[in-house]
Each structure stands twice: as C-alpha cells, then as structure tokens.
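Welcome to a short tour of a model you can turn around as you read. Have the viewer open and follow along, heading by heading.

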Amino acid sequence: MFRSRSKDEQAAPAKVTADQPQQPRDPQAPKGRPTPKRSDSQSQRRARAHTPTNRKDAAKAQREARRADMARQREALANGDERYLPVRDKGPVRRFARDYVDSRWCVAEFFLPMAVVILVLTMIRVPSIQSIALLLWLVIIVLIVLDSILIWFRLSKRLQEKFPNENLKGVKAYAVMRTLQMRRLRLPKPQVKRGQRP
C-alpha cells in the first residue's frame, strides 16, 4: 500500500502521452484571454525584477524604505510640508491649532528656564531664598494652568467657528501640549510669527 511504484508503472503514463499525436494549435484560434499591453507587461516584469528573493534582502529593503520615510518625515517637520507629516500632525485643523499656539506668548514655554532658576535658588542654604523659590514654583504652576485653560476655551471657540463640520477630537489637548515646549524646539517648526493671527 505504501510501497513506491515500480519503474514500469511510472513509465507507462509517459508512453501513453507520447503515443498520442499532439495536434498543432491553429494560429487563428483565440487563446481565451486578451493580449496584455506592452506597458503592463513591462511594469510587471520590472516589479518581479525588484522583488527581493530571500528574507535577508526583503528585510534590508524594508529598512531602507523605513529610513527614507523617516528622513522625509524629519524634513517635513522642519519645513511644514503637509504630505509627509506624521498622522498626529496632519490636516488643516491641526495646522490651525499649531498656528494659534505659535502666534502667541505662552507661560508654559518658559517653564524649563524657570525650573532651572528655581532649582538653583533651592540649593542656596538661606531660608528666605528657599521660601521665595517655593513660592515661585507655586506661581509658575498656577499661571501655566490658567493660561492652558484660557487657550483651551479660546481655541475651542475659534475651531467651532472655522471648522464646524470637522472632527475636533484631541485638537485642544494637542495645542496645550505644544505650549509646554519652547518655541524653538517645537516640531513641526512654527510657520507664523508671534502676533500674526492665523
């Protein structure tokens, strides 16, 4: 049952097919499919030629493609090219939110320099200076919270006026998070000057 076929049994079907005369195909007979256009067949041939044959080449090609995408994305973050921006930064609504934040002074963008100053003041072993440093912490945090709330509500109103039918989910939080970065470190780079309303 599981033994291999003998040589005679294997040769028998080959003889049968060889004995049958093959009729030549009529050149006028239809082949059952239309002849492909030359441009289509050439593009398919090129696609097959560039397809990697083994896993190592495929991984290398994928890494190179990812590297090229990241380079395009970095360039887009620097110059504001909408086509190659990351998904979180794409679209006219996000652009408007960025321009709104970049066009004004925000308290939160001065948090890092102020934090360094306050840390230096807390290291000084004079009780009055340390208490001033703690008071400065409190003042900075309260000002940042108030400024963020103000930006949240004003931006919400402007977005409702300018984009009434757009999905505004997450845009206000995106704008408030942008205020926490220093202006020169923001990505995508600011496209408007301070005081230039979007």
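## Ground rules

Buried means under 20% relative accessible area and exposed means over 50%, with partly exposed in between (1.4 Å probe, protein chains only). By that scale Leu 143, at 40% relative accessibility, counts as partly exposed.

This is a predicted model, in which local features need pLDDT of at least 70 and side-chain atom pairs count only at pLDDT 80 or more, while totals for chains, interfaces and linings use all residues. Residues are numbered from 1 along each chain as its sequence is written, and side-chain values use heavy atoms, with hydrogens and water left out.

## Fold and confidence

The chain holds seven helices and zero strands, so described because helices (H or I, at least four residues) and strands (E, at least two) are DSSP runs, numbered from the N terminus. Its order from the N terminus is α-α-α-α-α-α-α. Of the 198 residues, 22% count as buried. Contact means heavy atoms within 4.5 Å; among contacts with a separation of 6 or more, 64% are between residues 24 or more positions apart.

The predictor's confidence in each residue, pLDDT, runs from 0 to 100. Its average over the chain is 83, and 80% of the residues score at least 70. Please take care with residues 14-19, where pLDDT stays under 50 and the model has zero contacts beyond four places in sequence. Where pLDDT is low, the predicted coordinates should not be read in detail.

## The surface

Accessible areas here come from the Shrake-Rupley method with a 1.4 Å probe, and for residues only the protein chains shown count as cover. The chain exposes about 15700 Å², of which carbon and sulfur atoms supply 59%.

Leu 143 sits in helix H6 (residues 127-162). Together with Leu 135, Leu 138, Val 139, Val 142 and Leu 146, Leu 143 makes a nonpolar surface patch of about 530 Å². Patches are made of residues with over 30% relative accessible area and no salt bridge; like charges are joined within 9 Å, and nonpolar side chains (Val, Leu, Ile, Met, Phe, Trp, Tyr) within 5 Å.

## The cores

A nonpolar core is a set of buried Ala, Val, Leu, Ile, Met, Phe, Trp, Tyr and Cys residues joined through side-chain atoms within 4.5 Å. The largest one has 14 residues, and Val 93, Ala 97, Leu 155, Leu 159 and Phe 163 have the most contacts inside it. Helix H4 (92-102), H6 and helix H7 (171-179) each give two or more residues to this core, and H4 provides the largest share, with five. Which residues does Leu 155 touch, leaving aside its neighbours within four places in sequence? They are Phe 96, Ala 97, Tyr 100, Lys 172 and Ala 175. Apart from this core lies another, of five residues, including Ala 108, Ala 133, Ile 140 and Ile 144.

In H7, the buried residues are Val 171, Tyr 174, Ala 175, Val 176, Arg 178 and Thr 179, and they pack against H4 and H6. Thr 179 has 2% relative accessibility and therefore counts as buried. Beyond its neighbours within four places in sequence, Thr 179 is in contact with Val 101, Cys 106, Ala 108, Glu 109, Ile 151 and Arg 186.

## Salt bridges

Side chains of opposite charge can pair when their charged atoms come close. A salt bridge is a side-chain nitrogen of Lys or Arg within 4 Å of a carboxyl oxygen of Asp or Glu, and by this rule the count comes to nine. Asp 69 and Arg 72 pair at 2.5 Å, N to O. These two are three residues apart in helix H3 (residues 55-79), so about one helical turn separates them. Asp 69 is partly exposed at 40%, as is Arg 72 at 37%.

Arg 95 and Glu 82 form another salt bridge, with the closest N and O atoms 3.7 Å apart. Arg 95 lies in helix H4 and Glu 82 in the loop between H3 and H4, so the pair ties together parts that are 13 residues apart in sequence. Asp 102 and Arg 186 meet at 2.8 Å, N to O, linking distant parts of the chain: Asp 102 is in helix H4 and Arg 186 in the segment after H7, 84 residues apart. Asp 102 is buried, with a relative accessible area of 1%, and Arg 186 is buried at 0%. Both belong to a network of salt bridges that also links Glu 109, Arg 178 and Arg 194.
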